[in-house]
Amino acid sequence: MATYILRRILQVIPVFIGATALIYFMVFGMPGDPIAALFGDRQPPQAVIDQIRARYMLDQPLIVQYLHYLGGILRFDFGTTFSGQSVIEVLGRTFPVTLRLAVMAILISFVLSIVIGATSALLKGSWYDHFQLVLALVFIAVPIFVLAFLAQYFLGVQLAWFKPTVGGQNDWGDLWLPAIVLGFSVYAASMRLTRSSMIESLGQDWVRTAYSKGLSRGRVVPVHVLRNSLIPMVTDIATNFGILMVGATVTEGIFNVPGVGATLYNAIIRHETPTVVSFVTVFVVVYVLVNLVVDLLYGLLDPRIRYVK
Amino acid sequence: MKRNKIALAGITLLGASSIVLAGCASGGGETGGSESPAEGSSTAVITTNGNEPQNPLLPAMTNEVGGGKILDSIFAGLISYEADGSVVNDVAENITTDSPTQLTVKIKEGLTFSDGEEVTADNFIKAWNYAAQAESAHNAGYFFEDIEGFVAEGDVYGAEGDLTGLKQVDDYTFTITLNKPASDFAQRLGYSAFYPLPDVAFEDMEAFGESPIGNGPYMLDGEGAWQHDVRIDLTVNPDYDGPRKAVNGGLDIVFYATQEAAYADLLSGNVDVIDAIPDANLETYESDLGDRFVNQPAAVFQSVTIPEWLPGFATDEEGRLRRAAISHSINREEITDVVFKGTRTPATDYTSPVIDGWSDSVPGNEVLDYDPELAKELWAEADAINPYEGEFTIAYNADGAHQTWVDAVANSISNTLGIDAVGEPFPDFATYLDARDNEQVGAFRAGWQADYPGLYNFLGPLYATGAGSNDGKYSSEEFDSLIAEGISATNPEDANAKFQEAQTVLFTDLPSIPLWYQNVTGGWAEGVENVEFGWNSVPLFHQITKAE
């Protein structure tokens with residue numbers, strides 16, 4: 001198990017180099033001069049553009065820029081934004097917020113999908129099951145920004161149950177509204193997954209065996225059926241986590257959450273290579289790590305996987 | 001300039017008349033009670049929307065609206081602008097224009113920065129010299145172009161060492177010598193690039209840009225007042241003594257990623273004043289806000305430039321006919337109404353109604369009237385000289401919400417003239433600029449937001465031969481000489497008369513087809529009073545009051 005973990009962690013290094021190189025070259029390949037765009041409709045003299053390009057090393061060949069960037073990372077220097085802040089500082093400020101938002105959304109989605117998925121499976125074919133199916137279809141079909149605007153307007157502005165935007169206050173409590181919206185935007189698929197996985201388990205021989213041993217339904221369903229149904233759920237959560245980290249961009253904009261969304265968006269618009277590369281790289285690393293955690297969780301949930309490894 | 005891009009991308013405005021601007025000190029509503037500024041509380045802190053500054057908070061480093069809004073609040077320049085663009089002395093005791101190339105500035109004695117240092121002539125001279133130097137590479141460095149000692153040749157742009165045109169006379173007096181006539185130079189001095197800097201700034205410019213010390217109506221509210229990407233909190237500077245003395249208890253600027261979020265906060269009372277109504281709410285804002293909104297023309301001019309390099313559109317008989325035909329075939333009224341929901345005002349000239357000296361009756365401006373019949377005739381006349389082939393394209397950057405109106409304008413042209421007119425999108429601004437500068441586009445969208453409230457600023461930089469923002473490469477001796485005469489006139493009336501005359505040349509040649517002025521829209525919460533928007537579309541924060 002320990003070598004397995006170590007091997008998985010070491011895999012992050014080539015992924016990191018590959019991802020940064022790929023992103024670096026892609027951002028560089030974007031047409032247009034980022035410095036010219038900084039000035040909008042009034043164009044500065046070429047001499048000024050040249051000076052600013054030199055300041056951000058944009059006048060160097062791509063490979064030199066990239067090696068310089070990699071060298072900086074070894075010293076834990078991720079470069080600076082056009083506004084002169086260190087990228088690592090911006091990362092440190094924005095990522096925890098988005099991470100917190102994603103975790104809250106995952107928890108909300110997890111609870112919703114387990115509760116609704118399990119009850120639907122147990123009540124398969126009932127009006128409740130059908131109702132949940134329709135509801136899930138609605139949440140899958142409605143784009144997240146619509147959901148976000150509706151929630152903001154009705155729950156935030158009209159009913160005033162929540163503050164309509166988050167702004168500077170980004171403690172756990174303040175993030176409820178965007179987290180709920182994000183949670184609802186991904187719960188439907190997970191819920192359907194839980195339901196079908198539960199239904200499959202409920203029909204298995206070992207469930208019948210458990211009942212015939214005299215175990216109560218209150219013990220068989222949560223401990224035996226649900227636990228076995230959790231394996232596909234865990235993979236699903238990992239996928240959702242990636243989607244949420246990246247997909248929070250829209251939600252963060254609407255609820256004015258000072259997370260990675262707006263920062264990354266602006267950096268892309270401005271061709272701010274160090275910022276874009278660092279942010280996307282962190283996304284990649286987070287994705288890889290979450291997948292690592294998932295693989296480890298498999299072992300906990302299914303002893304067979306643990307021993308084979 | 002960058003402020004422009006932001007404004008173009010986002011701010012939307014309504015077609016109220018300029019009378020609203022002139023007649024109503026408390027904002028755009030019908031209430032107009034300007035006599036009672038004492039109604040609100042002098043301790044209430046006003047919150048408003050903003051953006052994270054793109055640069056450190058250094059006056060000449062900042063050329064976008066997010067940072068500009070903050071700098072204008074924490075610094076005071078020699079002059080400041082009233083809502084109608086007129087000029088009032090701020091730090092200056094008086095500024096005399098001795099000749100078209102010579103100014104003498106006398107500043108008030110006894111003013112201080114918020115750290116106690118006295119404001120002297122030296123603070124201005126040092127700050128300007130620093131900003132003008134080539135090696136500083138400040139974004140607003142071009143503001144110092146006209147001062148003697150500034151070089152703009154080939155690879156060199158900026159002063160090498162101190163500007164020779166700045167001379168200190170005594171502690172409170174200095175002279176400015178210009179390298180070419182610019183009689184409206186005094187009018188420019190309220191722009192943030194011209195703010196003074198305290199001595200402490202020169203010890204560590206970077207650290208200063210993080211927590212600037214100014215001499216304006218507000219100052220940073222202690223350590224950590226600027227939470228990056230989140231907000232900046234300003235408190236009243238008790239030492240400020242000038243025309244912009246704050247009557248409220250402070251100003252908190254909350255940074256919003258979207259205008260929609262700011263609007264939602266306005267509706268629920270979490271923010272007091274916002275300076276843009278999001279597009280999505282243009283249908284409802286009047287019923288949402290009652291009379292607590294403003295929608296009036298701003299100093300933003302928008303047009304379609306037809307470059308000299310476009311075949312069939314050279315500045316000759318044929319080209320003039322075609323340009324006039326295009327202009328007559330655009331239904332500005334309908335497009336501003338339908339596409340922009342009244343947040344643009346059809347243009348009647350090449351400048352803006354909020355600028356002193358503006359006129360809606362410049363001879364020749366009837367070329368802006370929608371007249372399909374005349375348009376067809378003119379186009380046919382041009383075709384008789386030389387038949388037109390191919391399509392007429394209008395280039396734009398697709399990241400700036402231009403598609404709808406460009407398509408509408410193209411449709412208007414197609415339907416009237418029976419030619420193929422289409423929009424030509426570029427994915428983002430940088431790509432668009434590249435293509436435009438390499439002359440790889442036909443006609444293209446153009447926008448201009450004034451740097452200071454003067455007519456010259458809408459004309460000289462855009463249409464003078466070889467001027468920095470003359471992107472269509474227009475060149476006219478007649479226009480150039482009229483502009484030069486105007487900028488050399490020391491009497492504002494004479495100058496403005498020349499500028500109007502210069503515009504008649506533009507109406508003949510049509511280097512650019514005027515479309516409309518962008519409006520400023522804004523709204524404020526219940527209990528908030530005395531909201532008035534400046535000529536630059538930013539609310540005059542110091543005079544806003546709020547019931548507690």
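Two residues are in contact when heavy atoms of theirs lie within 4.5 Å. This tour applies that idea to a predicted model.

**First stop: helix H16 of chain B**

Select residues 492–509 of chain B, which form helix H16.

Next, colour the buried residues of H16(B), among them Ala495(B), Phe499(B), Val505(B), Leu506(B) and Phe507(B). Asn496(B), Gln500(B), Gln503(B) and Asp509(B) are also buried. To find what the buried residues pack against, display three helices of chain B: H9 (317–328), H14 (456–463) and H15 (477–488).

Now inspect the two ends. At the start of H16(B), select Asn491(B) and Glu493(B): a side-chain oxygen of Asn491(B) comes to within 2.8 Å of the backbone nitrogen of Glu493(B). Just after the helix, select Leu510(B), which has a positive phi of about 50°.

**Second stop: the interface of chains A and B**

Show both chains together. The contact involves 43 residues from chain A and 55 residues from chain B. About 3700 Å² is buried between the two chains, and carbon and sulfur atoms give 54% of this area.

Select Arg93(A) and Asp229(B), whose side chains form a salt bridge with an N to O distance of 2.6 Å. The count between the chains is one salt bridge, and five residue pairs are in polar contact across the interface.

Finally, select H4(A), residues 46–55. This helix supplies five residues, the largest share of the side of chain A that touches chain B. The residues of that side comprise 20 nonpolar, 16 polar and seven charged.

Methods: Residues are numbered from 1 along each chain as its sequence is written. Chains are lettered from A and ligands numbered from 1 in the order in which they are written. This is a predicted model: local features need pLDDT of at least 70, side-chain atom pairs count only at pLDDT 80 or more; totals for chains, interfaces and linings use all residues. Side-chain values use heavy atoms; hydrogens and water are left out. Helices (H or I, at least four residues) and strands (E, at least two) are DSSP runs, numbered from the N terminus. The expected span of a helix is 1.5 Å times one less than its number of residues. Buried means under 20% relative accessible area, exposed over 50%, partly exposed in between (1.4 Å probe, protein chains only). A polar contact is a pair of N or O atoms within 3.5 Å; within protein, one must be able to donate a hydrogen and the other to accept it, and residues adjacent in sequence count only if both atoms are side-chain atoms. Buried area is the accessible area (1.4 Å probe) that two parts lose on being put together, summed over both. A salt bridge is a side-chain nitrogen of Lys or Arg within 4 Å of a carboxyl oxygen of Asp or Glu. Ala, Val, Leu, Ile, Met, Phe, Trp, Tyr, Cys and Pro count as nonpolar, Asp, Glu, Lys and Arg as charged, and the others, Gly among them, as polar.
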